[in-house]
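Please keep the sequence and the model in view while reading.

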Amino acid sequence: MVLELEYDRSLLGKEHQAGPFEVTEELVRSFCSAIGETNPLYTDKDAARKAGYQSVLAPPTLCPIFIRGESIPDIKLKFGKLRFHAGQMVKPLAPILAGDTLMASSHLKEVYPKTGRSGTMVFIVWETTFTNQRGDKVAEVQESYATRE
Amino acid sequence: MQGKLYYYGDVELGDEIGPLKKDITDEAVAAFCKVWGNPTPNRFTSDAEAKKARLPGPIVPVIMSMALMAQLFTHWSPNASLKHLDLVFRQPVTHKPVVIAAVVTDKREENGEYLVECDVYMSNEESGRLVGGKAIISLPNRQNP
């Protein structure tokens with residue numbers, strides 16, 4: 001039997017803009033401190049400059065911290081009670097440096113059911129592209145949320 | 001820098017990367033929530049909030065687990081550049097020590113880049129494998145700098 005999913009289909013492919021997000025040295029430092037990152041390219045401006053960068057680099061998984069409720073609205077899915085974050089993808093496309101300003105553009109990519117041993121779950125997939133102040137694409141992020149009955 | 005410098009020619013299919021051991025503390029998760037702008041207490045920092053969400057205890061945010069897993073590669077070889085990291089979360093990651101490791105499954109040249117593809121996972125002693133996925137990193141090539 002095919003599961004007919006009820007949700008706000010008008011969100012499919014529709015871009016939602018969020019930002020600007022300032023990538024400050026302080027933000028990079030705090031992020032590194034929380035995860036125990038000690039790579040000098042992320043923590044030491046002189047080391048980053050020696051490597052040819054104007055400022056410290058942001059770790060490659062920094063961007064997802066900017067994705068919040070305002071950039072990915074509720075799709076009003078009528079299925080399940082329990083929702084959890086099931087998957088996460090990041091594709092860094094260009095260096096992000098302290099001092100950069102990022103914008104995010106997110107869209108609902110797909111919603112699909114999957115049935116396994118524990119029953120049926122519905123997956124909601126959002127895709128976000130980050131661009132910097134020059135309009136360069138710097139990262140793509142995909143987030144999957146699963147809902148189960 | 002943490003690790004030695006690896007080049008494309010140094011890596012073979014089946015090679016293991018890591019393990020990287022990380023002790024995930026309550027303080028580190030609280031600090032991450034602050035950076036993220038997620039108000040506390042929440043299911044990541046509070047036992048009561050976690051129980052409300054039917055979780056066994058406070059968990060580690062998915063994006064924090066991802067950041068820890070990406071470190072496997074930057075710690076292993078400072079000249080490795082992460083190109084793609086795609087993770088599936090099989091179980092909640094709780095505030096306990098974890099082991100992160102990877103196995104090389106493919107290598108190829110693509111658009112002038114020397115890419116190494118890996119299966120990557122995070123596990124802990126109590127629950128086994130918590131997170132699995134694929135990573136692609138690029139490495140410099142001594143033969144074609």
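Ala67(B) is buried, because 25 other C-beta atoms lie within 10 Å. A residue is called buried if 20 or more other C-beta atoms lie within 10 Å of its own, exposed if 12 or fewer, and partly exposed in between, with C-beta atoms placed from the backbone. Ala67(B) belongs to helix α3 (residues 62–76) of chain B. Helices (H or I, at least four residues) and strands (E, at least two) are DSSP runs, numbered from the N terminus.

The model is predicted: local features need pLDDT of at least 70, side-chain atom pairs count only at pLDDT 80 or more, and totals for chains, interfaces and linings use all residues. Residues are numbered from 1 along each chain as its sequence is written, while chains are lettered from A and ligands numbered from 1 in the order in which they are written.

**The contact between the chains**

Which residues does Ala67(B) contact, leaving aside its neighbours within four places in sequence? They are Ile35(A), Pro59(A) and Thr61(A). Two residues are in contact if their C-beta atoms, placed from the backbone, lie within 7 Å.

The contact between the chains takes 25 residues from chain A and 27 residues from chain B. On the side of chain A that touches chain B, the elements giving two or more residues are α1 (25–35) and β2 (82–92) of chain A. The largest share, 9 residues, comes from β2(A). By class, this side of chain A has 14 nonpolar, 9 polar and 2 charged residues. Here Ala, Val, Leu, Ile, Met, Phe, Trp, Tyr, Cys and Pro count as nonpolar, Asp, Glu, Lys and Arg as charged, and the others, Gly among them, as polar.

**Helices and strands at the contact**

α1(A) packs with helix α1 (residues 26–36) of chain B at an angle of about 155°, their axes being 8 Å apart. The two helices are therefore roughly antiparallel. Axes are lines fitted to C-alpha atoms, for helices over the stretch in contact, and angles run from 0 to 180 degrees between N-to-C directions. Angles under 35 degrees count as roughly parallel, over 145 as roughly antiparallel, 65 to 115 as roughly perpendicular and the rest as oblique.

β2(A) is joined by 4 bridges to strand β2 (residues 81–89) of chain B, and the two run antiparallel. Two strands pair if DSSP finds at least two bridges between them. Gln88(A) stands opposite Leu87(B), and the bridge partner of Met89(A) is Asp86(B). β2(B) is also joined by 8 bridges to strand β5 (residues 128–138) of chain B, again antiparallel. In that pairing, His84(B) stands opposite Ile136(B).

**Backbone features**

Most residues other than glycine have a negative phi, and most peptide bonds are trans. The table lists exceptions.

| Site | Feature | Value |
|---|---|---|
| Gly19(A) to Pro20(A) | cis peptide bond | omega near 5° |
| Thr40(B) to Pro41(B) | cis peptide bond | omega near 0° |
| Lys76(A) | positive phi | about 55° |
| Asn111(B) | positive phi | about 50° |

Pro20(A) lies in strand β1 (residues 16–22) of chain A, whereas Pro41(B) is in the loop between α1 and α2 (47–52) of chain B. Lys76(A) is placed in the loop between α3 (45–50) and β2 of chain A. Asn111(B) lies in the loop between β3 (97–110) and β4 (113–124) of chain B.

Is Lys76(A) buried or exposed? Lys76(A) is exposed, because 9 other C-beta atoms lie within 10 Å. Asn111(B) also counts as exposed, with 5 C-beta neighbours inside 10 Å.
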